[in-house]
Amino acid sequence: MSTQKRLVAEADIDRLRQLLSGTKTSVLSPSDTGYDISIDRWSRAAIKQAGVAVVPTSAEEIAITVKYATEQNIDLAVKGGGHSTAGASSTHGGLLVDLGHMRDVKVDEDMNLLYVQGGALWSDVDEAAWKYGLATVGGTVADTGVGGLTLGGGYGVLSGTRGLVIDNVVGATVVTSDGEIRYASKGDNPDLFWALLGAGQNFGVTMEFVLKAYPQQEVYMGTCVFPPTPDNITKLVEILNDLYAIPEAGQHTKTGGRLNSLLAIGRPPEAGGQTVFIYIFAYDGTEVEAKKLLQPIFDLGPLVNTSHVGPYPEVNKQVPIVPGFRSSQKGAAFVMPIRETFVTNVLGKFNVFMDAQPDAAASMMAWELFDPTVVVASEEGCFANRGYHLNSLIMPLWKEAKNDGECRQFARDISLEFKKELEAHSERVSDGIEGGASIKGKKGAVMLYGNYDQYDEISKDIFGDHYARLQKIKAKYDPSNMFNKLFPIQPASSKGARI
(Lines give C-alpha, C1' and ligand atoms only; values in the text may rest on other atoms or scores of the structure.)
Protein backbone atom coordinates (compact mmCIF):
# COMPACT_ATOMS: atom_id res chain seq x y z
CA MET A 1 0.00 0.00 0.00
CA SER A 2 1.25 3.46 -0.86
CA THR A 3 2.47 5.57 2.03
CA GLN A 4 0.96 8.64 0.34
CA LYS A 5 -2.55 9.13 1.73
CA ARG A 6 -5.37 10.45 -0.41
CA LEU A 7 -8.02 13.04 0.33
CA VAL A 8 -11.72 12.44 0.90
CA ALA A 9 -14.03 12.36 -2.11
CA GLU A 10 -17.80 12.84 -2.16
CA ALA A 11 -18.21 9.09 -2.65
CA ASP A 12 -16.32 8.47 0.61
CA ILE A 13 -18.79 10.62 2.54
CA ASP A 14 -21.70 8.70 1.04
CA ARG A 15 -20.08 5.36 1.83
CA LEU A 16 -19.30 6.33 5.42
CA ARG A 17 -22.92 7.37 5.92
CA GLN A 18 -24.00 3.96 4.63
CA LEU A 19 -21.54 2.09 6.84
CA LEU A 20 -22.54 4.07 9.92
CA SER A 21 -26.29 4.19 9.31
CA GLY A 22 -28.23 2.98 12.30
CA THR A 23 -25.55 4.23 14.70
CA LYS A 24 -25.36 7.48 16.66
CA THR A 25 -22.35 8.67 14.68
CA SER A 26 -22.50 12.01 12.89
CA VAL A 27 -20.85 12.11 9.46
CA LEU A 28 -20.30 15.79 8.69
CA SER A 29 -19.38 17.30 5.36
CA PRO A 30 -18.07 20.89 5.20
CA SER A 31 -21.60 22.15 4.56
CA ASP A 32 -23.19 20.36 7.52
CA THR A 33 -24.15 21.91 10.85
CA GLY A 34 -21.59 20.90 13.45
CA TYR A 35 -18.67 20.57 11.02
CA ASP A 36 -17.14 23.88 12.14
CA ILE A 37 -17.23 22.71 15.75
CA SER A 38 -15.38 19.51 14.82
CA ILE A 39 -12.56 21.27 13.00
CA ASP A 40 -12.26 24.05 15.58
CA ARG A 41 -9.04 24.02 17.62
CA TRP A 42 -7.69 25.74 20.71
CA SER A 43 -5.11 27.43 18.46
CA ARG A 44 -6.65 29.06 15.41
CA ALA A 45 -3.38 28.36 13.58
CA ALA A 46 -4.06 24.61 13.91
CA ILE A 47 -7.44 24.64 12.15
CA LYS A 48 -7.52 22.65 8.90
CA GLN A 49 -10.43 21.97 6.56
CA ALA A 50 -11.10 18.24 6.83
CA GLY A 51 -12.79 16.48 3.91
CA VAL A 52 -15.21 14.90 6.36
CA ALA A 53 -15.59 14.84 10.14
CA VAL A 54 -16.85 11.66 11.76
CA VAL A 55 -18.11 12.08 15.33
CA PRO A 56 -18.51 8.61 16.88
CA THR A 57 -20.02 7.52 20.19
CA SER A 58 -18.53 4.03 20.60
CA ALA A 59 -15.47 1.91 19.89
CA GLU A 60 -17.42 -0.03 17.27
CA GLU A 61 -18.22 3.14 15.35
CA ILE A 62 -14.58 4.21 15.49
CA ALA A 63 -13.57 0.77 14.21
CA ILE A 64 -15.82 1.01 11.17
CA THR A 65 -14.46 4.46 10.37
CA VAL A 66 -10.79 3.62 10.81
CA LYS A 67 -11.05 0.37 8.87
CA TYR A 68 -12.60 2.23 5.94
CA ALA A 69 -9.92 4.91 6.01
CA THR A 70 -7.19 2.24 6.01
CA GLU A 71 -8.73 0.19 3.21
CA GLN A 72 -9.15 3.33 1.11
CA ASN A 73 -5.76 4.81 2.08
CA ILE A 74 -7.37 8.08 3.22
CA ASP A 75 -5.47 10.65 5.26
CA LEU A 76 -6.62 10.30 8.87
CA ALA A 77 -6.48 12.55 11.94
CA VAL A 78 -7.87 12.13 15.45
CA LYS A 79 -9.18 14.95 17.64
CA GLY A 80 -9.41 14.48 21.39
CA GLY A 81 -9.33 17.83 23.18
CA GLY A 82 -8.11 19.72 20.09
CA HIS A 83 -5.33 21.40 22.08
CA SER A 84 -2.44 20.50 19.75
CA THR A 85 -0.84 23.70 18.48
CA ALA A 86 1.22 21.66 16.00
CA GLY A 87 -1.92 20.75 14.03
CA ALA A 88 -1.48 17.05 14.84
CA SER A 89 -5.21 16.56 15.42
CA SER A 90 -6.17 18.10 12.07
CA THR A 91 -6.12 17.13 8.40
CA HIS A 92 -6.26 19.10 5.16
CA GLY A 93 -8.94 17.33 3.15
CA GLY A 94 -8.72 14.00 4.94
CA LEU A 95 -10.93 12.10 7.39
CA LEU A 96 -11.17 13.52 10.89
CA VAL A 97 -12.29 11.33 13.78
CA ASP A 98 -13.65 13.77 16.37
CA LEU A 99 -14.01 12.18 19.83
CA GLY A 100 -15.88 15.19 21.19
CA HIS A 101 -18.99 13.12 21.99
CA MET A 102 -16.96 10.62 24.02
CA ARG A 103 -16.16 12.46 27.26
CA ASP A 104 -17.59 10.16 29.92
CA VAL A 105 -15.61 9.48 33.10
CA LYS A 106 -16.64 6.54 35.27
CA VAL A 107 -15.22 6.18 38.79
CA ASP A 108 -14.61 2.81 40.43
CA GLU A 109 -14.53 3.96 44.03
CA ASP A 110 -13.68 0.51 45.39
CA MET A 111 -10.64 0.00 43.16
CA ASN A 112 -9.66 3.69 42.91
CA LEU A 113 -9.76 3.55 39.12
CA LEU A 114 -11.02 6.03 36.54
CA TYR A 115 -12.42 4.90 33.19
CA VAL A 116 -11.95 7.89 30.91
CA GLN A 117 -13.18 8.14 27.32
CA GLY A 118 -10.73 9.41 24.72
CA GLY A 119 -12.48 12.72 24.08
CA ALA A 120 -12.52 13.80 27.72
CA LEU A 121 -10.81 16.93 28.96
CA TRP A 122 -8.85 17.00 32.21
CA SER A 123 -11.59 19.15 33.74
CA ASP A 124 -13.98 16.23 33.17
CA VAL A 125 -11.60 13.88 34.99
CA ASP A 126 -10.85 16.27 37.85
CA GLU A 127 -14.51 16.98 38.58
CA ALA A 128 -15.64 13.35 38.35
CA ALA A 129 -12.85 12.07 40.61
CA TRP A 130 -13.24 14.88 43.15
CA LYS A 131 -16.85 13.84 43.85
CA TYR A 132 -15.30 10.78 45.49
CA GLY A 133 -12.38 12.62 47.11
CA LEU A 134 -9.99 11.29 44.47
CA ALA A 135 -7.53 12.70 41.94
CA THR A 136 -5.03 11.44 39.40
CA VAL A 137 -2.05 12.95 37.62
CA GLY A 138 -3.52 15.22 34.95
CA GLY A 139 -2.72 18.22 32.84
CA THR A 140 -1.87 21.58 34.36
CA VAL A 141 -4.45 23.19 32.05
CA ALA A 142 -8.01 21.96 32.61
CA ASP A 143 -9.20 22.20 29.00
CA THR A 144 -6.36 20.03 27.66
CA GLY A 145 -7.50 16.71 26.21
CA VAL A 146 -6.76 13.55 28.18
CA GLY A 147 -5.75 11.58 25.09
CA GLY A 148 -3.06 13.83 23.68
CA LEU A 149 -1.40 14.57 27.01
CA THR A 150 -1.43 10.95 28.15
CA LEU A 151 -0.17 9.38 24.93
CA GLY A 152 2.79 11.78 24.89
CA GLY A 153 3.82 11.16 28.51
CA GLY A 154 2.02 13.77 30.56
CA TYR A 155 3.45 16.00 33.29
CA GLY A 156 1.01 17.29 35.90
CA VAL A 157 0.68 19.00 39.26
CA LEU A 158 0.99 15.65 41.08
CA SER A 159 4.01 14.41 39.09
CA GLY A 160 6.37 15.13 41.97
CA THR A 161 4.75 12.35 44.02
CA ARG A 162 2.85 10.23 41.46
CA GLY A 163 5.01 10.41 38.34
CA LEU A 164 3.80 11.07 34.82
CA VAL A 165 0.27 10.41 33.57
CA ILE A 166 1.59 7.29 31.81
CA ASP A 167 2.93 6.01 35.13
CA ASN A 168 -0.69 5.88 36.27
CA VAL A 169 -2.27 4.19 33.25
CA VAL A 170 -3.51 0.68 34.07
CA GLY A 171 -4.90 -0.10 30.63
CA ALA A 172 -6.31 1.37 27.44
CA THR A 173 -8.80 0.37 24.76
CA VAL A 174 -7.44 1.12 21.30
CA VAL A 175 -8.82 0.88 17.78
CA THR A 176 -5.89 -0.03 15.54
CA SER A 177 -5.59 0.68 11.83
CA ASP A 178 -7.15 -2.65 10.82
CA GLY A 179 -10.35 -1.74 12.64
CA GLU A 180 -9.74 -4.14 15.52
CA ILE A 181 -10.64 -3.10 19.07
CA ARG A 182 -7.79 -4.08 21.39
CA TYR A 183 -7.31 -3.77 25.12
CA ALA A 184 -3.72 -3.05 26.09
CA SER A 185 -2.19 -3.49 29.54
CA LYS A 186 0.81 -5.21 31.08
CA GLY A 187 -1.05 -8.49 30.67
CA ASP A 188 -2.86 -7.88 27.36
CA ASN A 189 -0.95 -6.85 24.24
CA PRO A 190 1.96 -5.68 26.43
CA ASP A 191 4.01 -4.52 23.44
CA LEU A 192 1.21 -2.20 22.35
CA PHE A 193 0.76 -0.99 25.93
CA TRP A 194 4.46 -0.14 26.22
CA ALA A 195 4.29 1.81 22.94
CA LEU A 196 1.16 3.69 23.96
CA LEU A 197 2.92 5.05 27.03
CA GLY A 198 4.87 7.80 25.33
CA ALA A 199 4.25 7.27 21.59
CA GLY A 200 0.58 6.39 21.65
CA GLN A 201 -0.54 8.76 18.91
CA ASN A 202 1.27 6.46 16.46
CA PHE A 203 -0.70 3.30 17.17
CA GLY A 204 -4.43 3.90 16.95
CA VAL A 205 -7.42 5.71 18.33
CA THR A 206 -7.38 5.32 22.10
CA MET A 207 -11.04 5.48 23.02
CA GLU A 208 -10.70 4.74 26.74
CA PHE A 209 -8.01 5.00 29.41
CA VAL A 210 -8.02 3.28 32.78
CA LEU A 211 -6.18 5.50 35.27
CA LYS A 212 -5.13 5.02 38.88
CA ALA A 213 -6.74 7.46 41.29
CA TYR A 214 -5.65 8.43 44.78
CA PRO A 215 -7.34 9.89 47.86
CA GLN A 216 -6.95 13.65 47.55
CA GLN A 217 -7.29 16.49 50.06
CA GLU A 218 -7.73 20.17 49.30
CA VAL A 219 -4.65 21.92 47.95
CA TYR A 220 -2.86 25.13 48.97
CA MET A 221 -2.48 27.09 45.74
CA GLY A 222 -2.23 30.55 44.31
CA THR A 223 -0.57 33.12 42.09
CA CYS A 224 1.94 35.80 43.06
CA VAL A 225 2.88 38.66 40.73
CA PHE A 226 6.15 40.61 40.89
CA PRO A 227 7.65 43.49 38.93
CA PRO A 228 10.80 42.29 37.11
CA THR A 229 13.26 44.40 39.07
CA PRO A 230 16.89 43.24 39.31
CA ASP A 231 16.42 42.62 43.03
CA ASN A 232 13.33 40.48 42.44
CA ILE A 233 15.13 38.48 39.77
CA THR A 234 18.04 37.83 42.11
CA LYS A 235 15.82 36.75 44.99
CA LEU A 236 13.35 34.68 42.95
CA VAL A 237 16.19 32.76 41.33
CA GLU A 238 17.82 32.14 44.71
CA ILE A 239 14.57 30.91 46.26
CA LEU A 240 13.64 28.59 43.39
CA ASN A 241 17.15 27.16 43.18
CA ASP A 242 16.98 26.41 46.89
CA LEU A 243 13.55 24.76 46.64
CA TYR A 244 14.29 22.63 43.60
CA ALA A 245 17.94 21.68 43.99
CA ILE A 246 18.47 17.90 43.87
CA PRO A 247 20.75 16.90 46.80
CA GLU A 248 21.98 13.94 44.77
CA ALA A 249 20.53 11.43 42.33
CA GLY A 250 17.54 9.62 43.81
CA GLN A 251 16.96 12.11 46.62
CA HIS A 252 14.00 14.47 46.80
CA THR A 253 14.27 18.23 46.67
CA LYS A 254 13.35 20.40 49.67
CA THR A 255 9.76 20.33 48.37
CA GLY A 256 9.45 16.58 48.88
CA GLY A 257 7.76 16.43 45.49
CA ARG A 258 4.69 18.25 46.79
CA LEU A 259 5.24 21.77 45.43
CA ASN A 260 4.59 22.28 41.74
CA SER A 261 5.49 25.75 40.42
CA LEU A 262 5.47 27.81 37.27
CA LEU A 263 7.57 30.97 36.91
CA ALA A 264 6.20 32.85 33.92
CA ILE A 265 7.00 36.10 32.13
CA GLY A 266 4.00 37.86 30.64
CA ARG A 267 1.98 41.00 30.20
CA PRO A 268 -1.47 40.17 31.57
CA PRO A 269 -4.19 42.78 30.98
CA GLU A 270 -4.25 43.59 34.69
CA ALA A 271 -0.62 44.75 34.44
CA GLY A 272 -1.54 47.54 32.03
CA GLY A 273 0.92 46.49 29.35
CA GLN A 274 3.84 46.07 31.73
CA THR A 275 5.93 42.91 31.88
CA VAL A 276 5.67 41.00 35.16
CA PHE A 277 6.80 37.74 36.71
CA ILE A 278 3.88 35.43 37.46
CA TYR A 279 4.57 32.72 40.01
CA ILE A 280 1.85 30.02 40.06
CA PHE A 281 2.04 27.23 42.62
CA ALA A 282 0.17 24.28 44.09
CA TYR A 283 1.21 22.44 47.23
CA ASP A 284 -0.22 18.97 47.78
CA GLY A 285 -0.17 19.08 51.58
CA THR A 286 -1.15 21.23 54.51
CA GLU A 287 -1.27 25.01 54.49
CA VAL A 288 1.23 25.10 57.35
CA GLU A 289 3.75 23.01 55.40
CA ALA A 290 3.20 25.08 52.27
CA LYS A 291 3.67 28.42 53.98
CA LYS A 292 6.92 27.26 55.52
CA LEU A 293 8.32 26.57 52.04
CA LEU A 294 6.74 29.59 50.37
CA GLN A 295 7.37 32.25 53.01
CA PRO A 296 10.51 33.56 51.23
CA ILE A 297 8.32 34.14 48.14
CA PHE A 298 5.68 35.96 50.19
CA ASP A 299 8.37 38.04 51.91
CA LEU A 300 9.23 39.62 48.55
CA GLY A 301 5.96 41.55 48.76
CA PRO A 302 4.10 40.44 45.62
CA LEU A 303 1.82 42.91 43.86
CA VAL A 304 -0.81 40.15 43.83
CA ASN A 305 -1.08 37.15 46.15
CA THR A 306 -4.08 34.85 45.69
CA SER A 307 -2.85 32.09 48.02
CA HIS A 308 -5.67 29.96 49.39
CA VAL A 309 -6.80 26.43 50.17
CA GLY A 310 -9.17 25.03 47.56
CA PRO A 311 -10.52 21.87 45.93
CA TYR A 312 -8.15 19.96 43.67
CA PRO A 313 -10.04 20.73 40.41
CA GLU A 314 -9.12 24.41 40.86
CA VAL A 315 -5.42 23.55 40.59
CA ASN A 316 -5.55 22.88 36.87
CA LYS A 317 -7.42 26.13 36.20
CA GLN A 318 -4.69 28.43 37.49
CA VAL A 319 -2.63 28.88 34.31
CA PRO A 320 -4.09 31.88 32.44
CA ILE A 321 -4.55 30.37 28.99
CA VAL A 322 -7.27 31.86 26.79
CA PRO A 323 -8.67 30.27 23.60
CA GLY A 324 -9.24 32.14 20.38
CA PHE A 325 -5.64 32.97 19.48
CA ARG A 326 -3.17 31.60 17.01
CA SER A 327 -0.57 29.89 19.14
CA SER A 328 2.58 27.83 19.37
CA GLN A 329 3.58 25.92 22.48
CA LYS A 330 7.32 25.65 21.86
CA GLY A 331 9.17 23.43 24.28
CA ALA A 332 12.70 23.68 25.61
CA ALA A 333 14.65 22.18 28.51
CA PHE A 334 16.71 23.55 31.36
CA VAL A 335 18.63 22.24 34.34
CA MET A 336 19.04 23.55 37.86
CA PRO A 337 20.38 25.85 39.09
CA ILE A 338 18.75 28.60 37.08
CA ARG A 339 21.22 31.41 36.44
CA GLU A 340 20.20 35.00 37.09
CA THR A 341 22.03 36.16 33.98
CA PHE A 342 19.99 33.77 31.86
CA VAL A 343 16.68 35.01 33.26
CA THR A 344 17.75 38.61 32.61
CA ASN A 345 18.79 37.71 29.06
CA VAL A 346 15.49 36.00 28.24
CA LEU A 347 13.48 38.78 29.88
CA GLY A 348 15.22 41.30 27.64
CA LYS A 349 14.48 39.34 24.47
CA PHE A 350 10.87 38.86 25.54
CA ASN A 351 10.44 42.62 25.99
CA VAL A 352 12.03 43.42 22.61
CA PHE A 353 9.61 41.03 20.88
CA MET A 354 6.56 42.26 22.77
CA ASP A 355 7.35 45.91 22.10
CA ALA A 356 7.78 45.20 18.39
CA GLN A 357 4.71 42.97 17.97
CA PRO A 358 1.57 44.35 19.65
CA ASP A 359 -0.53 41.58 18.06
CA ALA A 360 1.23 39.13 20.41
CA ALA A 361 0.36 40.97 23.64
CA ALA A 362 -1.01 37.80 25.29
CA SER A 363 2.23 35.82 24.86
CA MET A 364 4.11 34.26 27.74
CA MET A 365 7.03 32.00 28.53
CA ALA A 366 7.69 29.93 31.62
CA TRP A 367 10.00 27.70 33.61
CA GLU A 368 8.10 24.64 34.88
CA LEU A 369 9.41 23.56 38.28
CA PHE A 370 8.79 20.31 40.12
CA ASP A 371 10.72 17.53 41.82
CA PRO A 372 11.60 15.00 39.06
CA THR A 373 12.79 12.24 41.40
CA VAL A 374 9.72 10.00 41.05
CA VAL A 375 9.52 10.55 37.28
CA VAL A 376 13.18 9.59 36.87
CA ALA A 377 12.76 6.45 38.98
CA SER A 378 9.91 5.03 36.90
CA GLU A 379 10.52 2.67 33.99
CA GLU A 380 7.02 2.69 32.50
CA GLY A 381 6.55 2.84 28.74
CA CYS A 382 8.68 4.21 25.94
CA PHE A 383 8.82 7.81 27.20
CA ALA A 384 12.41 8.91 26.53
CA ASN A 385 12.46 12.19 28.44
CA ARG A 386 12.96 11.00 32.03
CA GLY A 387 15.80 12.95 33.59
CA TYR A 388 16.76 15.54 36.19
CA HIS A 389 16.15 18.37 33.75
CA LEU A 390 12.90 20.38 33.63
CA ASN A 391 10.69 21.74 30.87
CA SER A 392 10.11 25.28 29.74
CA LEU A 393 7.32 26.64 27.58
CA ILE A 394 7.61 29.48 25.07
CA MET A 395 4.09 30.38 24.00
CA PRO A 396 3.48 33.25 21.59
CA LEU A 397 -0.22 34.06 21.22
CA TRP A 398 -1.35 36.25 18.35
CA LYS A 399 -4.40 37.03 16.21
CA GLU A 400 -3.29 37.75 12.65
CA ALA A 401 -2.10 35.02 10.25
CA LYS A 402 0.32 37.49 8.68
CA ASN A 403 2.32 37.36 11.94
CA ASP A 404 2.71 33.56 11.99
CA GLY A 405 6.31 33.60 10.85
CA GLU A 406 7.50 36.35 13.18
CA CYS A 407 5.82 34.85 16.25
CA ARG A 408 7.12 31.36 15.59
CA GLN A 409 10.59 32.76 14.98
CA PHE A 410 10.46 34.38 18.41
CA ALA A 411 9.69 30.98 19.93
CA ARG A 412 12.55 29.42 17.97
CA ASP A 413 14.96 32.16 19.07
CA ILE A 414 14.12 31.72 22.75
CA SER A 415 14.40 27.95 22.41
CA LEU A 416 17.91 28.42 21.05
CA GLU A 417 18.76 30.54 24.10
CA PHE A 418 17.73 27.60 26.28
CA LYS A 419 19.97 25.32 24.23
CA LYS A 420 22.92 27.69 24.76
CA GLU A 421 22.15 27.68 28.47
CA LEU A 422 22.25 23.88 28.54
CA GLU A 423 25.68 24.07 26.93
CA ALA A 424 26.76 26.55 29.61
CA HIS A 425 25.79 23.89 32.15
CA SER A 426 28.02 21.40 30.30
CA GLU A 427 25.10 19.40 28.98
CA ARG A 428 25.84 17.64 25.71
CA VAL A 429 23.56 18.95 22.99
CA SER A 430 22.96 17.94 19.42
CA ASP A 431 24.49 19.37 16.28
CA GLY A 432 21.00 19.79 14.86
CA ILE A 433 19.23 22.98 13.87
CA GLU A 434 17.82 23.73 17.31
CA GLY A 435 16.38 22.28 20.50
CA GLY A 436 18.15 19.46 22.28
CA ALA A 437 17.98 16.39 20.06
CA SER A 438 20.21 13.53 21.23
CA ILE A 439 20.99 15.12 24.60
CA LYS A 440 21.78 12.47 27.17
CA GLY A 441 20.81 13.09 30.78
CA LYS A 442 21.01 10.92 33.86
CA LYS A 443 18.85 8.25 32.20
CA GLY A 444 19.78 9.07 28.64
CA ALA A 445 16.93 11.61 28.50
CA VAL A 446 16.40 13.27 25.13
CA MET A 447 15.40 16.54 26.87
CA LEU A 448 12.59 17.00 24.36
CA TYR A 449 8.97 16.81 25.43
CA GLY A 450 6.92 15.58 22.49
CA ASN A 451 3.69 17.18 23.70
CA TYR A 452 5.24 20.58 23.06
CA ASP A 453 6.01 21.90 19.58
CA GLN A 454 9.43 20.89 18.29
CA TYR A 455 9.81 22.65 14.95
CA ASP A 456 12.86 20.92 13.54
CA GLU A 457 13.41 17.84 15.64
CA ILE A 458 12.23 14.53 14.21
CA SER A 459 10.84 11.29 15.59
CA LYS A 460 14.19 9.70 16.40
CA ASP A 461 15.03 12.73 18.53
CA ILE A 462 11.83 12.38 20.57
CA PHE A 463 11.91 8.61 21.10
CA GLY A 464 15.66 8.21 21.48
CA ASP A 465 16.98 4.67 21.79
CA HIS A 466 13.43 3.27 21.94
CA TYR A 467 12.88 4.13 18.28
CA ALA A 468 13.97 0.83 16.74
CA ARG A 469 11.69 -1.21 19.01
CA LEU A 470 8.82 1.18 18.30
CA GLN A 471 9.33 0.63 14.57
CA LYS A 472 8.78 -3.11 15.02
CA ILE A 473 5.63 -2.56 17.06
CA LYS A 474 4.42 -0.05 14.49
CA ALA A 475 4.86 -2.63 11.73
CA LYS A 476 2.66 -5.02 13.71
CA TYR A 477 -0.21 -2.66 14.53
CA ASP A 478 -0.05 0.06 11.85
CA PRO A 479 2.00 -1.21 8.89
CA SER A 480 0.59 1.36 6.44
CA ASN A 481 1.32 4.25 8.83
CA MET A 482 -2.22 5.56 9.06
CA PHE A 483 -1.44 7.31 12.35
CA ASN A 484 1.26 9.69 11.18
CA LYS A 485 0.45 13.18 12.40
CA LEU A 486 2.81 13.76 15.34
CA PHE A 487 6.39 12.46 15.29
CA PRO A 488 5.44 9.59 13.01
CA ILE A 489 7.23 6.29 13.50
CA GLN A 490 8.05 4.55 10.24
CA PRO A 491 7.15 0.84 10.35
CA ALA A 492 10.22 -1.40 10.38
CA SER A 493 9.72 -2.40 6.75
CA SER A 494 9.47 1.16 5.39
CA LYS A 495 12.35 2.46 3.30
CA GLY A 496 13.73 5.87 2.53
CA ALA A 497 11.62 7.95 4.89
CA ARG A 498 12.99 10.82 6.97
CA ILE A 499 12.78 9.58 10.54
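Predicted model: local features only at pLDDT ≥ 70, side-chain atom pairs only at ≥ 80, totals over all residues.
User: Let's start with the whole chain. What makes it as compact as a globular protein of that length?

Analyst: There are 14 helices and 21 strands in the chain. Its radius of gyration is 22 Å, close to the 23 Å that the globule rule gives for 499 residues, so the chain is as compact as a globular protein of that length. The C-alpha atoms fill a box of roughly 65 × 55 × 45 Å along the principal axes. Of the 499 residues, 59% count as buried.

User: And how much of the accessible surface belongs to carbon and sulfur atoms?

Analyst: That share is 51%, out of an accessible surface of about 19,300 Å².

User: Why is N202 called buried?

Analyst: Buried means under 20% relative accessible area. N202 has 1% relative accessibility, so it counts as buried. You will find N202 in the loop between α7 and β10. Leaving aside neighbours within four places in sequence, its contacts include F463, K474, D478 and F483, and L486, F487, P488 and I489 are also among them.

User: Why is S31 called exposed, then?

Analyst: The cut-off for exposed is over 50%. S31 has a relative accessible area of 70%, so it is exposed. This serine also sits in a loop, the one between β1 and α2. S31 and V52 are 21 residues apart in sequence, and their C-alpha atoms are 9.8 Å apart in space.

User: Good. Now the sheet with the order β1-β2-β4-β3: why are β1 and β3 at the edges?

Analyst: This is an open sheet of four strands with mixed pairing. β1 (26-28) and β3 (76-79) each have a single partner strand, so one side of each is left without a neighbour in the sheet. The twist averages 20° from one strand to the next.

User: How do you know that β3 and β4 pair?

Analyst: Two strands pair if there are at least two bridges between them. Four bridges join β3 to β4 (residues 95-98), and the two run parallel. A77, for example, stands opposite L96 in β4. Helix α3 (residues 59-71) packs on this sheet, touching β2, β3 and β4, and its direction makes about 160° with that of β4.

User: What makes β19 a mostly covered strand?

Analyst: Six of the six residues of β19 (364-369) are buried. M364, A366 and E368 point one way, while M365, W367 and L369 point the other way. In a regular strand the side chains alternate between the two faces of the sheet.

User: Which strands pair with β19, and in what sense?

Analyst: β13 (residues 259-266) pairs with β19 in the antiparallel sense over six bridges, and E368 in β19 is the bridge partner of L262. β20 (residues 390-395) also pairs with β19 in the antiparallel sense, over four bridges. There, W367 stands opposite S392.

User: One last item: how are α7 and α14 placed relative to each other?

Analyst: Two packed helices are described by the angle between their axes and the distance between the axes. For α7 (residues 190-199) and α14 (residues 467-477), the axes come within 10 Å and cross at roughly 115°. The crossing is left-handed. On the α7 side, D191, L192, W194, A195 and A199 take part; they meet R469, L470, I473, K476 and Y477 in α14.

Terms used. Residues numbered from 1 in each chain as written. Heavy atoms only, no water. Axes fitted to C-alpha atoms, helices over the stretch in contact; angles between N-to-C directions. Contact = heavy atoms within 4.5 Å. Buried < 20%, exposed > 50% of the residue type's maximum accessible area, 1.4 Å probe, protein only. Rg over C-alpha atoms; globule rule 2.2 N^0.38 Å. Areas by Shrake-Rupley, 256 points an atom, 1.4 Å probe, with all protein chains shown as cover. Left-handed = near helix turned anticlockwise from the far one by under 90°.
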